[in-house]
Amino acid sequence: MITGKTSLVGIIGDPVEHSLSPPMHNAAFRHLQMDYVYVPFHVRKENLAIAVVGAKALGMKGLNVTIPHKREVINYLDELDTAAELIGAVNTVKFDEKISKGYNTDGLGAVKAIEEVRSVKDKKIVILGAGGAARAICFQLLLNGAKNVLIANRTLENACQLKEDLLRNFRAEVSCIKLDKKLGEELKDADVLINTTPVGMHPHEHQKPIVSEEMIHQGLLVNDIVYNPLKTGLLTEAERAGAMIINGVKMLIYQGAIAFRIWTGINAPLDVFEKALMSELGY
Ligand code: ATR
């Protein structure tokens with residue numbers, strides 16, 4: 001029941017109606033009998049500033065921020081956490097009485113999903129794609145001590161731009177290549193492979209995966225951030241090669257769990273998050 005004491009959190013984006021975050025967080029609030037509600041808000045670009053100021057004025061505890069506002073929202077916040085500042089994008093805001101602070105839990109969520117299985121410290125990681133998700137993940141990998149990050153992208157220039165941005169902040173081995181057959185050579189001594197491109201995403205699940213079975217060795221940990229379908233073509237190829245796989249739902253769960261903790265100070269029930277997501281996705 002919503003009362004005068006209920007705490008409000010939510011998500012702003014355009015579009016926002018398909019967001020999986022409201023059912024995920026509300027399921028956790030119900031499960032833990034917490035007096036919170038999570039509401040989606042459709043906010044257009046021209047209303048972003050007033051929405052953020054208004055959310056704080058209304059006493060909201062926090063927000064998730066999604067496309068297309070993740071970069072622009074920074075202009076309307078008082079403080080940024082280190083990762084958000086480095087990445088230049090915010091997906092989570094916490095409001096205190098006076099201060100609004102921005103965080104980025106996308107990269108951290110993805111890296112946490114991987115580190116449940118294997119630490120990235122001193123490892124070689126290959127990233128497919130160089131968009132917003134790749135950027136958040138690459139910065140977090142280097143924050144967590146990855147030794148060597150190779151960015152492979154359809155447009156070489158975008159991969160090399162991301163490399164430059166990373167090297168401006170970290171002393172590490174970072175390289176950029178075009179996404180083509182040469183990737184097979186690079187994968188031979190890699191520890192982790194992460195796909196951040198939409199290749200294989202519904203309704204194009206039958207698109208040929210960029211990396212095929214013969215390019216994957218058994219010791220490679222393969223993560224696809226695409227969660228629809230749950231087992232993408234890439235993950236199917238990886239399984240055939242005998243490699244361990246991590247599906248895209250894990251990143252959603254962990255990025256949400258980190259935001260949940262930022263707002264409430266409480267650890268999210270990961271199993272409740274997962275169940276809500278699976279049901280929402282129809283699995
Ligand atoms: P996000 O912000 O979610 O990461 P994005 O910024 O649109 O999404 O980035 C998508 C990434 O997937 C880009 O690196 C894009 O490659 P380009 O830099 O060449 O545009 C990559 N991508 C998109 N469609 C692709 C495809 N069909 N094959 C290979 N890479 C693709």
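Is Gln33 buried or exposed? Gln33 is exposed, with a relative accessible area of 73%. Exposed means over 50% relative accessible area, buried under 20%, and partly exposed in between (1.4 Å probe, protein chains only). This is a predicted model: local features need pLDDT of at least 70, side-chain atom pairs count only at pLDDT 80 or more, and totals for chains, interfaces and linings use all residues. Residues are numbered from 1 along each chain as its sequence is written, and side-chain values use heavy atoms, with hydrogens and water left out.

**Ligand site**

- Polar contacts here are pairs of N or O atoms within 3.5 Å. A backbone N or O atom of Ala130 lies 2.8 Å from a ligand oxygen.
- For Ala133, a backbone N or O atom lies 3.0 Å from an oxygen atom of the ligand.
- Asn158 uses its side chain: an N or O atom there is 2.8 Å from a ligand oxygen.
- The ligand on its own has 640 Å² of accessible area, and the protein covers 63% of that. Areas come from the Shrake-Rupley method with a 1.4 Å probe.

**Helix α10 and its surroundings**

- Helices (H or I, at least four residues) and strands (E, at least two) are DSSP runs, numbered from the N terminus.
- Helix α10 spans residues 270-281, 12 residues in total. From first C-alpha to last it reaches 16 Å, close to the 16 Å expected at 1.5 Å a residue. The expected span is 1.5 Å times one less than the number of residues.
- Val272, Phe273, Ala276, Leu277 and Met278 of α10 are buried.
- An α-helix has 3.6 residues a turn, so residues three or four places apart point the same way.
- The buried residues of α10 pack against α1 (21-31) and α9 (249-264). Contact means heavy atoms within 4.5 Å.

**His25 in α1**

- His25 sits in helix α1. It is buried, with a relative accessible area of 0%.
- Leaving aside neighbours within four places in sequence, His25 is in contact with Tyr38, Asn64, Gly256, Phe260, Trp263 and Phe273.

**Loops and backbone geometry**

- Gln33 lies in the loop between α1 and β2 (36-42). Its phi is positive, about 50 degrees, although it is not a glycine.
- Asp122 also has a positive phi, near 65 degrees, and is a residue other than glycine. Its loop runs between α4 (106-115) and β7 (124-128).
- A cis peptide bond joins Asp14 and Pro15, with omega about 10 degrees. Pro15 lies in the loop between β1 (7-13) and α1.
- Ile67 and Pro68 are also joined by a cis peptide bond, with omega about 5 degrees. Pro68 is in the loop between β3 (62-65) and β4 (79-80).

**Gly145**

- Gly145 is in the loop between α5 (132-143) and β8 (148-153). It is partly exposed, with a relative accessible area of 25%.
- Not counting residues up to four places away in sequence, Gly145 touches Val120, Lys121 and Asp122.
- Pro22 is 123 residues from Gly145 along the chain, and their C-alpha atoms are separated by 33 Å.

Key. Polar contact = N/O pair within 3.5 Å; in protein donor to acceptor, adjacent residues only side chain to side chain.
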